[in-house]
Amino acid sequence: MTAVDLAEIFKSRVSDSEQVSLLIDIVSASEEGILCWSIDPPIDTRLPPPEQLQALREGMQVSYCNQSYARLMDYPGPEDIIGRNVIEFLGELNVDAKLQEMVENDYRLERIRFPFKDSGGNTRLTSVTTHALLQDQMLIGIWNTVLDATRQSEQESEAEIIRELLSDSQELARIGSWSEDFRTGRRAQSRQLHILMGLPPRPEPYDWTDFLEKIHPDDRARVAKGRERTRSSGDTSTMDFRVVEPDGSLRYFHTVVRSTLDKDGQPLHWLGTMQEITEQVKLREQLQEMVEARTHALSEEIELRKRDAAILKRQAVVVSQISEAVIVWNLDLKISDWNDGATKVFGYSREEVMDLGPAFLRPRQPLAPSKREELLDWIEDNDGWQGELPYQHKDGHEVICEASLTALRDSRGNIISFVEVVRDATERKAYEHKLADAKEEAEQANVAKSHFIRGLSHELRTPLNAILGFAQLMERLSGTPLDSQQQDYLDHIQAGGVHLLGLVNEVLDLAKIESGEIDLKLEAVDCKALAEEVLQLVAPQAEERRITPALEVRTERSIHGDYMRLKQVLLNLLTNGIKYNSNGGGLYLSFADSDSKRVRIMVTDTGPGIDPGRYDELFEPFNRLGVTDATVEGTGLGLPITASLVEAMAGTMGVDSQPGEGSSFWVDLPAAEN
Ligand code: ADP
């Protein structure tokens, strides 16, 4: 057999001749190009490939081709091709490599690119599937199915474009996808899926566990469970989960999975998409925060408005009820409220003045509306105004008023109106005049009193000194000694005289202090030195009563005062502490810090004490609180003088007493600055 006859081939495989001609008809009518080569002489397929290749190049003839192939290669018909050496039809492009590939694959190729020459001698790229026609391991022919690869490559590049488009859009939309066929076990994962899950992209699919590891630990169990459920559900389900980045930040994903079951309800196939929704989630969170903040702000605003309304309501009630004149001005300086008090002061009714400016009330000092801004600024800085202004009553007479103007603000601090409270000052002014007159009168009377007392003291002292002088002379007259009764009378005269002289001196002293006529020499007085001197002075008197005064100085400071007068103060208090004490009683003098600026002197005794209800009487001149014991000398002027001196030295004094146990007199005086 030199050429492969198609009919022979079919006949060798199909017995029925009718079927053979049918097959031939099918092949010749096929849309695909069919080209059959016969190999002469046949090639032993057991030979080494290079030898087979050599033989191929020499003995290949076209033994059959159909109309589709002729058309594909631009020949008028199969008869122009059949019978010619195959080599004539093979294009130059890589032909040897292609033939070698064929030999190495036992002449069985599927859809490979193969170059054929068309009638014009141009190489055409085709897609060829080859089959070996064998007889006892001898290759007698090759059967080729030829398709125009130009079209196919167009389709392929279209598919490539679509693939790229899909990949790009997945990247853009941050979507990854995967699928799995349970029959074939074939799994596919998009490149974007790997990128999104933070896995290095690769052609082979990753295992499910690789993905699971990337999922937030808290979401893993839920996602795994949802996945299993969907796999056998034959349904579509969605799930959200989080992925933790190495830096700890979170990314959010939304996944949709759809599974298909076969007719027995067994899982056939499933596919899923996974979209990153981090931005959406963040946006949603931000939006939620914004909504919450706005809601919060709105409810606060509502609260504020409610409060403002309540303030205004309360203000209206206050304005109407307050007995003083209250005028409320709006921001245009027009009257917006006017109470009964204002009607009483100015004579106008509320209806008469509403919406009027200030000119009618203060014709002499109207406040022009142009001054409004100035007024606002002024109020802003000074928080209000207070003063006296002349107003005009409805009947034309002038009313001098004390006025105060304050701004009324809403809850946000914005001024909403001005409130003017006005009081008729006529009566007060009259009262003030009267008071000033009375004060002057009293001052004059005081001066007169001082004059009188000083004059009186002088008048009294001269004869008193004469009485005492003569009494002394009388005592010393040795020529005529006094008998015991005369001596007794003389003692009385002398004692009375001394007492009276002391009294006159003290009255004079008190009068001088009270009228501010004493000169104080203020200096730093050392507490210890002062105490020691005074204690020395009272020592004889104390000894007489078997009293030993104790001293405690617990301050480092000095007193800012007049040394002589301080001595007088302490002498008075210590003398009282001895006089109004039991024989052998206790007497304590102490100095301590009263506060950061004052020193406290305290004189404490263990005498009979003073009834707290009578403390005030202690400082009344001549009040001796009913001392009846004639042996206790006194005038009732010591404490009033002491109090006046302390006051003159900017100090204060007081007393604490426990009747039956003793008294403590304290004096607080300014400390000297170091
Ligand atoms: P005088 O001692 O000359 O009577 P004072 O003005 O010093 O006058 O005192 C007024 C009165 O206050 C005293 O008469 C006495 O009744 C009472 N008094 C003063 N100091 C004490 C004291 N330490 N304890 C009890 N009573 C006192």
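A total of 31 salt bridges is found in the structure, which is a predicted model.

Glutamate 204 is classed as partly exposed because its relative accessibility is 44%, and arginine 202 falls into the class of partly exposed residues because its relative accessibility is 32%.

A further salt bridge is formed between the side chains of lysine 429 and glutamate 388, for which the N to O distance is 3.2 Å. This pair connects distant parts of the chain, given that lysine 429 belongs to helix H15 (residues 426–476) whereas glutamate 388 belongs to strand E13 (residues 385–392), the two residues being 41 residues apart. Lysine 429 has a relative accessible area of 30% and is therefore partly exposed, while glutamate 388, with a relative accessibility of 37%, is likewise counted as partly exposed.

Aspartate 509 and arginine 565 also form a salt bridge, in which the closest N and O atoms are 3.4 Å apart. Here, too, distant parts of the chain are linked, with aspartate 509 located in helix H16 (residues 484–514) and arginine 565 in helix H18 (residues 563–579), at a spacing of 56 residues. Both aspartate 509 and arginine 565 are buried. Beyond individual pairs, salt bridges with shared partners connect Glu324, Glu388, Glu402, Arg423, Arg428, Lys429 and Glu432 into one network.

An N or O atom in the side chain of asparagine 576 is placed 2.8 Å from an oxygen atom of the ligand. Backbone atoms take part as well: an N or O atom of the glycine 636 backbone lies 3.0 Å from a ligand oxygen atom, and for a backbone N or O atom of glycine 638 the corresponding distance to an oxygen atom of the ligand is 3.3 Å.

The largest pocket is the space that the ligand takes up.

Key:
Residues are numbered from 1 along each chain as its sequence is written. This is a predicted model: local features need pLDDT of at least 70, side-chain atom pairs count only at pLDDT 80 or more; totals for chains, interfaces and linings use all residues. Side-chain values use heavy atoms; hydrogens and water are left out. A salt bridge is a side-chain nitrogen of Lys or Arg within 4 Å of a carboxyl oxygen of Asp or Glu. Buried means under 20% relative accessible area, exposed over 50%, partly exposed in between (1.4 Å probe, protein chains only). Helices (H or I, at least four residues) and strands (E, at least two) are DSSP runs, numbered from the N terminus. A polar contact is a pair of N or O atoms within 3.5 Å; within protein, one must be able to donate a hydrogen and the other to accept it, and residues adjacent in sequence count only if both atoms are side-chain atoms. On a 1 Å grid over the protein atoms alone, a cavity is a set of points where a 1.4 Å probe fits but cannot get out, and a pocket is an open set with protein on both sides within 12 Å along at least five of seven lines; lining residues have an atom within 4 Å of a point. A molecule sits in a cavity or pocket if more than half of its atoms lie within 2 Å of its grid points.
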